[in-house]
Amino acid sequence: MASYKPVAIPVVPKLGEKITQDTLYWRGYKTPVQIKEFGAINKIDFSPVPPYNYAVTASSRVHIYGRYSQEPIKTFSRFKDAAYCATYRDDGKLLVAGSEEGSIRLFDISGRAPLRQFDGHTKAVHVVGFLSDKYRIFSGGDDYSSSVWDIPSATETVSYSEHSDYVRCGCASKLNGDVFITGSYDHTVKVFDARTKSSVMTIEHGHPVESVLLFPSGGLLVSAGGRYVKVWDVLKGGQLLVSLKNHHKTVTCLCLNSSGQRLLSGSLDRHVKIYSTTSYKVVHSFNYATSILSLALSPEDETIIVGMTNGVLNVKHRKPEESKEKSQKKRQPAYRTYVKGRNYMPKQEDFYVSKPGRCILRKYDKLLKSFQSSKALDAVLEPHIRLYTPEVTVAVMQELNRRGTLRSALAGRDEKQISLLLTFVTRRVIEPRFTPVLITVADMITDIYQPVVGQSALVDKQFLRLQEAIGREIDYQEELLEVLGMMDALFATLTEKRATYLEENKSNGLTKTLDQDISI
């Protein structure tokens, strides 16, 4: 009996990922550290001074973490309800946070009790931060108002009620101590100057605004809301420069790297997109387990932290650069040691002993070898094979069909197994590389289980999905054929008819003959 030959899996060429400098740079972060918080993480803010600790706002607490610590080194918990938007001052000595009860608390990093409490909002305060003069605080709340507070006197200096919905995000200019920006669920972004009694600019984002960001130069403003990230030119009166739609769910947070050359956006679609601020194209992306609510980069881009809806803090540190000093390695054997004798040709008097290589068979190959067709098909319908390497599943089906045992392998299955088979066929039958085999499989399944149609709602539903998928594919093919016919007609009209070499010679010869007759 001939030795068994394993099933040949067809290899389809895949497009390789384009490796760029950004890809190498952003891949240079270590495996993330997961820290569990008490609730959804609505804000992460790094201290602007070494050692670059960061404040995490979740539930009714504000935790301060060291850069490499996995336990909080300090906790502020003087909140009756949820805390929001804990933000450092530029010198890293003070921290301000809003709360669900409408009050704003100012903390000294070295203490525990609040230094000041600002009361004036009637509803939850989701936005709070320091103006760049360091002695005033701006805030925004669910009462549709925005306010400026004086720290020494703990009083409200100016209040604005121009938004018509919740104020949920804001930022302050680093160049002008009187300018701050707020974004609201009324789809607008407003620029305020504390010296005036009304906003100085209003920008229509078009969706509820979840995050705003001002470039260090103060000339560009970024707003995020819905699936869009939009960049505006403030110096030109709020002119829209670019609208980015790379997420497929709501964008919740924005962040800039230390040089301002890369913009990061986090979304409920579990992705962090990284854009170049020169071309505004996506240069890299990160995937996470659940929806993202907050995002922060350390001042030196050494650490990237993401806060998620399930209360998990994902912390990635950059790998340290390898030392360039040449380490003295043990000298390895020369190349000729490994290839010695490989090309030796046996002589006539030599006795050649061959050592056959051991062939390790996969599970489905072992079952096929022992003629267990049904079990072999079950083996390639396991999730890790049918989802990630469907070509293996199709190759085994093709082998069973070649042997003439595919029908018996498909027969005698229960409701769950039939549904699994139909789901796989429906999903993959439209792929050109699988279509010839899976059409045969679909025909056999239909013939075998036609008598039991109507007895199971689950199986009937899968048959209808298969019918719809094949119907859609036929419609696409018909449309493509129509387009191809149009293109052929177009190309035919554009092609100029050129005289052939023989026609040119005949015409030249005829002309010469006529010329000779006329001369005679």
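Pro 390, Glu 391, Val 392, Thr 393, Val 394, Ala 395, Val 396, Met 397, Glu 399 and Leu 400 are the buried residues of helix H6, where buried means under 20% relative accessible area with a 1.4 Å probe, protein chains only. Helices here are DSSP runs of H or I with at least four residues, and strands are E runs of at least two, both numbered from the N terminus. The model is a predicted one, so local features need pLDDT of at least 70 and side-chain atom pairs pLDDT 80 or more, while totals for chains, interfaces and linings use all residues. Residues are numbered from 1 along each chain as its sequence is written, and side-chain values use heavy atoms, with hydrogens and water left out.

With ten of its 14 residues buried, H6 is mostly covered. The cover includes helix H3 (363-369), helix H4 (373-380), helix H5 (383-386), H7, H8 and H9, counting contact as heavy atoms within 4.5 Å. From first C-alpha to last, H6 reaches 20 Å, close to the expected 20 Å; the expected span is 1.5 Å times one less than the number of residues. Just after H6 comes Gly 404, with a positive phi of about 85°.

As for the packing of H8 (residues 415-428) against H9 (residues 435-449), their axes come within 10 Å and cross at roughly 145°. Axes are lines fitted to C-alpha atoms over the stretch in contact, with angles running from 0 to 180 degrees between N-to-C directions. On the H8 side, the contact is made by Ile 418, Leu 421, Leu 422, Phe 424, Val 425 and Arg 428, and on the H9 side by Leu 438, Val 441, Ala 442, Ile 445 and Tyr 449.

Elsewhere, Trp 232 is found in strand S20 (residues 228-233). At 6% relative accessibility, Trp 232 counts as buried. Its C-alpha lies 6.2 Å from that of Val 222, ten residues apart along the chain.

Key. Buried < 20%, exposed > 50% of the residue type's maximum accessible area, 1.4 Å probe, protein only.
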